Each structure stands twice: as structure tokens, then as C-alpha cells.
Amino acid sequence: MGTVLSISPATKKASIMDAELAKNDKSLKRHSMFVSLSWKKLVSNSAKKSAKKVTPNPLPARELPSNQVAQLNSDNIRKTHQTEEKKPKAPIPVPVPTVPTKNGDGLVQNGRLSTVHKQPSGLAVVSPRRIVIQASTGELLRCLGDFMCRRCFKLKELNSGEVILWFRNIDRTLLLQGWQDQGFITPANVVFVYLLCEDTIADSIDSPAELQGTFQTCLYLAYSYMGNEISYPLKPFMSESNKDVFWEMSLRIINRLSAKMLQLNADPHFFTQVFQDLKNQRDTSEANLDR
């Protein structure tokens, strides 16, 4: 008894399709493998080519003959000169002389109009001459004493040496008592004392005591204003008998001469005027003090 195998057409057809798919799959794998190998080879070859340095061979320099080089240099120089000639030249700045106009009202300087002060004379403008006035302390003290004698003409027995002695006694007393480390009597301080005395001492004084009290009041203000110490005692300058007169006169001098006292230290021109005025107070009948 035999076995009969029967194959349906659908099953046969499916097996044939499976065989063809397997064949196509093998061919695709083989093709993709070939593509992968080819791509790896291509990448490796390009990497090797890029790694190599390309050094182009420089062209050999062509040497020109010497006469041609000289000709080219002359042509370049000529072209440079022609270019510079074509450029517009800027005007060279020239300083304008400062010449005053006829009426003397102004002058042109660096393109600007400036005012000019008229000179009082027709002479050429020159720099102001520096005037030097000098005198020793002793000379100025003698001039101060002469001024006091001339101002207080009613005191016939008064002499300049007595006024100087009043001044020196007070300065020496302050030194001995330790109220000051150095003497106050200097040319500048004598000028300051003269400024106060010239305005304070009147020609109506007829007693030596009144003159001495007024002079010592001026000295106290001068020491307080020009002295090196912070304060000074009242005793060498003031007596108990004329205490009220001393303070009243001090206040009057401060109210009247405070501005001039400040100006004497701040304005050299004003100081020179007062200095010269003091020197002019010397007695003309005596010997010249400038020698």
C-alpha cells in the first residue's frame, strides 16, 4: 500500500517565491559589501592626498639689465613729481605782526582783534623798569622818629632818638620776659608801625606822655597783627591810668585802618608807596641815610 503525496499549486508557487527572494537577498548583500569597500578605499585615498604638501615650484626670478633698472627708477621719480605738482598746495601759516593801528584802539594778532592800551607818550613801548627801594632797620627807625618830631611840632624837646628808645625798650622787655623768641623790629614791621602812626598821631598833641601812650597803642596793634606770637601782654604797652583811653583808641584804629592793614600785606604796590613815604620823612638837614 503506497503513500500518495499531493502538492497544491499555491504551496509550490510560495516556495518558488521564497527561493527567488533568498537569491535577491544574497545579491543585495554582495552589492552593498562591494559599495562599502569601494567607499572606504575612496576615503583613504583622499586622506592620503590631502596629507601631502603641495609645494609649487617658484618661477625663477628674471634679472633685468642695469640700464633698464635705471630707466624704471627715473620714470618713477618723474611720475612722483608730476603727482605732487597736481596736488593743491596749502597756504603756509605766517605769524601776523602785532602792529597797532593809527588810532591805537586795537591790533590784529593771529587773525583776532585785540585791544591795545594807549601809551601816554610817543616813545617806543618798553617793559616797565623794576624799582628797587632798600633801607636798613636803623634808617627806617630814624625816619620814623623824624616823622614824629615833625608831626608833634609843639613838643620842642622831643627828638627822634627818644621815639626810637620807646620802641626798643618794649621789644627788649618782651624778649627778656620770654614773650617772644626773636625781635619784632624789622624793616617791614617798621613800615607797618608808620602806617598806623601816620593816621593816628595828631599834630595837636602837646605832652610827651600823651604822645607816648598813643605811640604804644599803635605798637600794640602792630605786634598783635604782625608779630610771630599768638598773643602779647598788655603791661609794656598800657598803663593802669589810661586803660580806658587805650582800648577806645585801639578800637578806633581798627575800625578806621583795618582795610589798609590788610592791603599793606596783600598789595606789594601799596607797600612800596608806604615804604617810600616813610623814607621821605627823613630830615633833609642831616646826612644822607642811603650811604
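This is a predicted model: local features need pLDDT of at least 70, side-chain atom pairs count only at pLDDT 80 or more; totals for chains, interfaces and linings use all residues.
Visitor: What is the handedness of the H4 and H6 crossing?
Guide: The two helices meet through side by side lists of residues, with Val163, Trp166 and Phe167 among those in H4. Leu211, Phe215 and Leu219 are among those in H6. The crossing of H4 and H6 is right-handed.

Visitor: Which residue makes a polar contact with the side chain of serine 160?
Guide: Serine 160 sits in helix H4. Leaving aside neighbours within four places in sequence, serine 160 is in contact with Gly145, Asp146 and Cys149, among others. The polar contact spans 3.1 Å, side chain to side chain, and the partner is arginine 142.

Visitor: Is serine 160 buried or exposed?
Guide: Buried means under 20% relative accessible area. Serine 160 has 7% relative accessibility, so it counts as buried.

Visitor: Where does glutamine 180 lie?
Guide: Helix H4 covers 160-176, and helix H5 covers 187-200. Glutamine 180 falls between these helices, in the loop.

Visitor: What is the relative accessible area of glutamine 180?
Guide: Residues touching glutamine 180 include Leu174, Leu175, Tyr223 and Tyr232, with those up to four places away in sequence not counted. Buried means under 20%. Glutamine 180 is buried because its relative accessible area is 5%.

Visitor: Which side chain makes a polar contact with the side chain of glutamine 180?
Guide: Asp171 is one of the residues that glutamine 180 touches. Asp171 is also listed among the H4 residues that meet H6. The polar contact with glutamine 180 is at 2.9 Å, and the partner is aspartate 171.

Visitor: How are H5 and H7 placed relative to each other?
Guide: H5 and H7 pack at an angle of about 130°, with axes 10 Å apart. Roughly perpendicular ends at 115, and roughly antiparallel needs over 145. That makes H5 oblique to H7.

Visitor: What is the handedness of the crossing of H5 and H7?
Guide: Phe192 and Leu195 are among the H5 residues in the contact. From H7, the contributors include Met249, Ile253 and Leu257. H5 passes H7 in a crossing that is right-handed.

Visitor: How many Å separate the C-alpha atoms of leucine 257 and aspartate 199?
Guide: Leucine 257 lies in H7, residues 243-266. Leucine 257 touches Leu195, Leu196, Asp199 and Thr200, with residues up to four places away in sequence not counted. Leucine 257 is buried, at 1% relative accessibility. Along the chain, leucine 257 and aspartate 199 are 58 residues apart, yet their C-alpha atoms are separated by 8.3 Å.

How values were computed:
Residues are numbered from 1 along each chain as its sequence is written. Side-chain values use heavy atoms; hydrogens and water are left out. Helices (H or I, at least four residues) and strands (E, at least two) are DSSP runs, numbered from the N terminus. Buried means under 20% relative accessible area, exposed over 50%, partly exposed in between (1.4 Å probe, protein chains only). A polar contact is a pair of N or O atoms within 3.5 Å; within protein, one must be able to donate a hydrogen and the other to accept it, and residues adjacent in sequence count only if both atoms are side-chain atoms. Contact means heavy atoms within 4.5 Å. A crossing is left-handed if the near helix is turned anticlockwise from the far one by less than a right angle, and right-handed if clockwise. Axes are lines fitted to C-alpha atoms, for helices over the stretch in contact, and angles run from 0 to 180 degrees between N-to-C directions. Angles under 35 degrees count as roughly parallel, over 145 as roughly antiparallel, 65 to 115 as roughly perpendicular and the rest as oblique.
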